[in-house]
Amino acid sequence: MTPAVLLLFDIDGTLLIRASEAHRDAIHDGLRETFGVADPAAVRVEAAGRTDSAIARGILEALSADAGFDAEHDRFRAACVAAYERRCPPTLETYVAPGMAELLDGLSGARPSLVTGNYEPIARLKLARAGLGHHFAAGQGGFGSDAEDRALLPEIARRRAGSGGVPHPRDRTIVIGDTPRDIACARADGVRVFAVATGPFPAAALGAADAVFDDAWALRDRLASELAI
């Protein structure tokens, strides 16, 4: 039996738009608590498409304070997750990308999952408070808590979605994201990638994807033709 198509959704800029303020602040809280960084916000590190650990390491490197990051990584991650639980708004439903809830509600013949740089507890809480969490099964996906290198996450997600010790097939997997790093992680695993220009990058910057869409409505139309949803 042919397996369903595995759709690996990014979160920030793809499923949710402009919902990262509390997440950013939680990373800063974790850096203060774990490494004694006085003002993490003084350092500008491009966050789009990066894992939480890569963002934190980048800030510490800019401050020449990253020597102990690996040794303290677990403590930092726990502090970051706890800070996000404190800071996350009660609802994020207004941040859902237009058309994305309808796309997920209408999926048939596909298996939605996640590939995101968020630590998994942060990702799950975001989606729960956005009203989208029920679409994404526990124990599935690839997260920033699995690997600092985002390029490793699609393979992790495929392995979790597989059966009998065999990862989900590459030719039945599509990454869906909004940044060049989302595209690069799909290419690193040899899977297809659809990009939506709903995040910080215009469509012209996403041309390396297999297809680029202006919004979730256009993406839904393409998926409808491929998956008969």
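Modeller: Before we talk about neighbours, note that contact here means heavy atoms within 4.5 Å. Please also keep in mind that this is a predicted model.

Biologist: Which residues does His-23 touch, not counting residues up to four places away in sequence?

Modeller: His-23 has its place in helix H1, which covers residues 21–35. Once residues up to four places away in sequence are set aside, the residues that His-23 touches are Asp-12, Asp-52, Tyr-84, Asn-118, Ile-122 and Lys-126.

Biologist: Does His-23 count as buried or exposed, and what is the length of the polar contact that joins its side chain to that of Lys-126?

Modeller: Buried means under 20% relative accessible area, and because His-23 has 4% relative accessibility, it counts as buried. The polar contact between the side chains of His-23 and Lys-126 has a length of 2.8 Å.

Biologist: How are helix H3 and helix H5 arranged, roughly parallel or roughly antiparallel?

Modeller: Helix H3 spans residues 69–87 and helix H5 residues 120–129, and the two pack with their axes 9 Å apart at an angle of about 15°. Angles under 35 degrees count as roughly parallel, and therefore H3 is, relative to H5, roughly parallel.

Biologist: Which residues make the contact between H3 and H5, and how many of them are nonpolar?

Modeller: On the side of H3 the contact is made by Cys-80, Val-81, Tyr-84 and Glu-85, while H5 brings Pro-121, Ile-122, Leu-125 and Lys-126. By class, the contact of H3 with H5 has two charged residues and no polar ones, and its nonpolar residues number six.

Biologist: Which backbone oxygen does the side chain of Thr-173 reach?

Modeller: Thr-173 lies in strand S3, residues 173–177, and with a relative accessible area of 1% it is buried. At 2.8 Å, the side chain of Thr-173 reaches the backbone oxygen of Pro-169.

Biologist: Where is Arg-18 found?

Modeller: Arg-18 is a residue other than glycine with a positive phi, near 55°, and at 72% relative accessibility it counts as exposed. Arg-18 is found in the loop between strand S1 and H1.

Methods: Residues numbered from 1 in each chain as written. Predicted model: local features only at pLDDT ≥ 70, side-chain atom pairs only at ≥ 80, totals over all residues. Heavy atoms only, no water. Axes fitted to C-alpha atoms, helices over the stretch in contact; angles between N-to-C directions. Helix = DSSP H or I, 4+ residues; strand = E, 2+ residues; numbered from the N terminus. Parallel < 35°, antiparallel > 145°, perpendicular 65-115°, else oblique. Nonpolar A, V, L, I, M, F, W, Y, C, P; charged D, E, K, R; others polar. Buried < 20%, exposed > 50% of the residue type's maximum accessible area, 1.4 Å probe, protein only. Polar contact = N/O pair within 3.5 Å; in protein donor to acceptor, adjacent residues only side chain to side chain.
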